[in-house]
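Have the model open while you read.

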Amino acid sequence: MGLLRVEGLAKNFGAIRAVDIISFEVRAGEIYGLLGPNGAGKTTTISMISGLLKPDAGEVFVGGARFGSDPQQAKRHMGVVPQDLALYEELTGRENLEFWGRLAGLSAVEAKRRATELLEALALTERARDAVKTYSGGMKRRINLGCALLHRPPLLLLDEPTVGIDPQGRANILEFIGRLRTGGTGILYTTHYLEEAESLCHRIGIIDHGRLLAEGTLKELQERLGGDRVFVLEADFKDTSPEAWDGFHERFRVLQKSECQLVVAALGSRDPSACLKDLLNLPVRIANVMVKRPSLNDVFLQLTGRDLRE
Ligand code: ATP
């Protein structure tokens, strides 16, 4: 049984179908990545799971219980880190943490003790007494994350927690999240960064226009492409097209095509050298061929025909 189960969740804003009937599950000790471009419906999904937005349809189960039947209990099970910082700039880092601890129902003594632990874990002890307004963007993101964790929730919802911070700050946050996961926390992680989804998440759901298009481990998603290799061909494709090449579609799937580049995945489990031979025999003068492992971007391309990279 998943720690979090989302069943047929949907939300419209007027004519916009922000979330269009999605279902998935987050288990204890896993990081589930919801990957999709801006406007895909990630924030709307998180807002419905955390009780901030009322779904038009669908159900959310937290720890096996229907959210609606006991929202307070559900909230005790989860920590929510919104994309927009929810911090009091004039207060110190420690004061922010203690404040959220008290809101989560901790006693003053507990809140203090827990704030000390979190400041240490987030490498912010030295700045604990400074007002948050003097923090760097990455430090604010870390305190924001800490504020959701005072009550040790088994489930953590993170909405793009590394947006707009430098690589060092990002590495700090990712390392911290990894440690939480090892401790058994189940994490729902939304992102539009392919690399984060690839390196951090155990399972990934690809979301676009409010729909979950595919779901699985990175390996499972790569296998959807039909193989573990992608070929990038460079040539002049202005006057020729794969449709005109005899037998091509039986052996390859086109992922992306432009006037000078063609990205294809081999179908079946053929030897890469046999695939290369086929490609070099195409009725077009190939200037260059590159072989690579399929990335999540290739998977996204195949599913949507668009590039996820900005
Ligand atoms: P981002 O990464 O940019 O936050 P997202 O994947 O989180 O994107 P959402 O914020 O969930 O996407 O938005 C999904 C769609 O719903 C978008 O088309 C957005 O414009 C629309 N939308 C979201 N909130 C509202 C609202 N309060 N009123 C009207 N439309 C909304």
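T116 lies in helix α4, where helices are DSSP runs of H or I with at least four residues, strands are E runs of at least two, and both are numbered from the N terminus. This is a predicted model, so a few ground rules apply: local features need pLDDT of at least 70, side-chain atom pairs count only at pLDDT 80 or more, and totals for chains, interfaces and linings use all residues. Residues are numbered from 1 along each chain as its sequence is written, and side-chain values use heavy atoms, with hydrogens and water left out.

**T116**
- At 39% relative accessibility, T116 counts as partly exposed; buried means under 20% relative accessible area, exposed means over 50%, and partly exposed is in between, using a 1.4 Å probe and protein chains only.

**Overall picture**
- The protein has 11 helices and 14 strands.
- Its C-alpha atoms fill a box of roughly 75 × 40 × 35 Å, taken along the principal axes.
- Of the 310 residues, 48% count as buried.
- Take the contacts (heavy atoms within 4.5 Å) between residues at least 6 apart in sequence: 68% of them join residues at least 24 apart.

**Helix α5, wrapped up**
- 10 of the 11 residues of α5 are buried, so this helix is largely enclosed by the rest of the structure.
- The buried ones are G138, M139, K140, R141, R142, I143, N144, L145, G146 and C147.
- Their cover includes the strands β6 (78-81) and β7 (155-159), plus the helices α3 (93-103), α4 (108-121) and α6.

**α5 against α6**
- Two packed helices are described by the angle between their axes and the distance between the axes.
- The axes of α5 (residues 137-147) and α6 (residues 167-182) come within 10 Å and cross at roughly 20°; axes here are lines fitted to C-alpha atoms, for helices over the stretch in contact, and angles run from 0 to 180 degrees between N-to-C directions.
- α5 and α6 are therefore roughly parallel to each other, on a scale where angles under 35 degrees are roughly parallel, over 145 roughly antiparallel, 65 to 115 roughly perpendicular and the rest oblique.
- On the α5 side, R141, R142 and L145 meet N172, I173, F176 and I177 of α6.
- By class, this contact of α5 with α6 has four nonpolar, one polar and two charged residues; Ala, Val, Leu, Ile, Met, Phe, Trp, Tyr, Cys and Pro count as nonpolar, Asp, Glu, Lys and Arg as charged, and the others, Gly among them, as polar.

**α5 against α3**
- α3 and α5 pack at about 25°, with their axes 9 Å apart.
- That makes α3 roughly parallel to α5.
- The crossing of α3 and α5 is right-handed.
- G93, N96, L97 and W100 of α3 make the contact with I143, G146 and C147 of α5.
- That contact of α3 with α5 divides into four nonpolar, three polar and no charged residues.
- In α3, the residues G93, N96, L97, E98 and G101 are buried, under cover that includes α4 and α5.
- G105 follows α3 and has a positive phi, near 100°.

**Cysteines**
- The structure holds zero disulfides, a disulfide being a pair of cysteine sulfur atoms within 2.5 Å.
- C260 counts as exposed at 51% relative accessibility, whereas C275 counts as buried at 1%.

Terms used:
Left-handed = near helix turned anticlockwise from the far one by under 90°.
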